[in-house]
Amino acid sequence: MSETDAGAFLSRWDADEWEHDEETGGLVHLLRADDAVQAGLWKPGETAGSPIEVELVAHETVLVLAGTGTLQVDDGPEIQLAAGDMISLPKGARTTWVVDDGFTEFWVYSNSEA
């Protein structure tokens, strides 16, 4: 990620720089992180094929860039996800993800109450 002189943040969806994500055990590439919004890329790494349980600390919107998976929200029915799918989830949702090793998503956490 790099920040331009105009305050814009720039990266690529095929980024090479990934960090361990403590929350999920996967890998994350941050585009932006401040008090109002966090955004970046996520992929499962070694957690592919295993259930990943996350209670959302903010509203989350996801665009699946590659791969497939399932998502269960608050013990509801499984939602099938594939490249091109978008989903937006409320703060506090209890989620269970199972994704393949090719899964990559662009995500945005919003802390706005509006």
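The model is predicted.

Start with the six-stranded sheet. Its strands run in the order β3-β4-β5-β12-β7-β10. The sheet is open, and its pairing is antiparallel. Two strands sit at the edges: β3 (19–20) and β10 (86–89). Each of these pairs on one side only.

Inside this sheet, look at β7 and β12. Strand β7 covers residues 59–66. Seven bridges tie β7 to β12, and the two run antiparallel.

Now take the four-stranded sheet. The order here is β6-β11-β8-β9. This sheet is also open, with antiparallel pairing. Neighbouring strands are turned against each other by 25° on average, with direction ignored.

Within it, β8 and β11 pair over five bridges, in the antiparallel sense. L71 stands opposite W97 in β11. Keep L71 in mind for the proline below.

P77 sits in the loop between β8 (68–73) and β9 (78–82). Leaving aside residues up to four places away in sequence, P77 touches L71 and Q72. Is P77 buried or exposed? Its relative accessible area is 67%. The cut-off for exposed is over 50%, so P77 counts as exposed.

Next, the aromatic rings. How many aromatic pairs are there? The count comes to two. One of them joins W42 and F103. The ring centres lie 6.2 Å apart, and the planes make an angle of 70°. That geometry is edge-to-face.

This pair links distant parts of the chain. W42 belongs to strand β5 (residues 37–43). F103 lies in the loop between β11 (94–99) and β12 (104–110). The two residues are 61 residues apart.

Both partners can be checked for burial. Buried means under 20% relative accessible area. W42 has 6%, so W42 is buried. F103 has 0% relative accessibility, so F103 counts as buried as well.

K43 lies over the face of W18. Its distance from the ring centre is 4.2 Å.

Technical notes:
Residues are numbered from 1 along each chain as its sequence is written. This is a predicted model: local features need pLDDT of at least 70, side-chain atom pairs count only at pLDDT 80 or more; totals for chains, interfaces and linings use all residues. Side-chain values use heavy atoms; hydrogens and water are left out. Buried means under 20% relative accessible area, exposed over 50%, partly exposed in between (1.4 Å probe, protein chains only). Contact means heavy atoms within 4.5 Å. Rings of Phe, Tyr and Trp (its six-membered ring) pair if their centres lie within 6.5 Å; planes under 30 degrees apart count as stacked, over 60 as edge-to-face and the rest as tilted. A charge sits over a ring if NZ of Lys or CZ of Arg is within 6 Å of the ring centre and within 35 degrees of the ring normal. Two strands pair if DSSP finds at least two bridges between them. Axes are lines fitted to C-alpha atoms, for helices over the stretch in contact, and angles run from 0 to 180 degrees between N-to-C directions.
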